[in-house]
Amino acid sequence: MYTFEHSTPEVIEAAIGQLGSYQALITVTMIQTLVYSLFGWVVGYFIVERLGLMMSFRFDKTVLAKVCPVIVVLGLVFAADYFVMGRLIPEVAADYEKGISVAYFISSLTYGGVIEEILLRWFFMGLIALILVMIFARKKDKKEIPVWIFITANVIAALVFSAGHLPATQMFFGRITGLILFRCFMLNGSFALFFGRWFRKYGIQYAMLGHFGIHFISKIILICVL
């Protein structure tokens, strides 16, 4: 629903024309999301197991004490997009000032915090790391895999994720300037580096918590301000 809130009427009408109704459009979109998420989770499971990154899906108080303060800071930085970039790029402020709908709030937590972490960290970052292992560390035990491989995979995954937002950014702004490009990579790439590191060190649940947390904190701040 959030996706269609930010789609043009022409795009929605064309999709409804193919599927017959808005309800069918929502249903198909949900099924597609479930299918590629399930694919990413299942394939990612074997990749993560091969890399030795499989960890118990639970939260440790000591790790939470390290991660949660960082999440709060990142949430504040994410919210600062409105106050900083909103002053420099008029379209940014105008988009925020439309308000945060229920669909937007929920989807940012669930899709961002769960689906994107399954696809970008669990599957894609793992896949890149596995490819690097096959090239540079084929004969090493999974406990001996060099850390640089995971760092490189994390950076590549973050850059690809950021670049994947460029078509939507171009469509939204109608242009790509240096500042808009910086904002795209800053919002989508810099935070991803933290999530990738937490995934490698502590488990995928901390990457999910981090992604969920920055959206929750930033959206609550913006709801209060706007």
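F46 is exposed in this predicted model, with a relative accessible area of 57%.

For another pair, let's go to helix α9, residues 178–202, where F194 and W198 sit four residues apart, about one turn of the helix. Their rings are tilted, at 55 degrees between the planes and 6.1 Å centre to centre. How accessible are the two partners? F194 is partly exposed at 36% relative accessibility, while W198 is buried at 5%. Elsewhere, ring pairs join W41, W122 and F199 into a cluster.

Now let's follow helix α3, which covers residues 22–51. Its 30 residues should span 44 Å at 1.5 Å a residue, and the end C-alpha atoms are 43 Å apart, so the two values agree. Along the way there is a kink of about 30 degrees, centred on G44. G44 is also among the buried residues of α3, which include L25, I26, T33, S37 and G40, along with I47, V48 and L51.

What covers these buried residues? The covering elements include α1 (2–5), α2 (9–19), α6 (102–136) and α7 (147–163), as well as α9. Just after α3 comes G52, which takes a positive phi of about 75 degrees.

Notes. Residues are numbered from 1 along each chain as its sequence is written. This is a predicted model: local features need pLDDT of at least 70, side-chain atom pairs count only at pLDDT 80 or more; totals for chains, interfaces and linings use all residues. Side-chain values use heavy atoms; hydrogens and water are left out. Buried means under 20% relative accessible area, exposed over 50%, partly exposed in between (1.4 Å probe, protein chains only). Rings of Phe, Tyr and Trp (its six-membered ring) pair if their centres lie within 6.5 Å; planes under 30 degrees apart count as stacked, over 60 as edge-to-face and the rest as tilted. Helices (H or I, at least four residues) and strands (E, at least two) are DSSP runs, numbered from the N terminus. The expected span of a helix is 1.5 Å times one less than its number of residues. The bend at a residue is the angle between axes fitted to the seven residues ending there and the seven starting there. Contact means heavy atoms within 4.5 Å.
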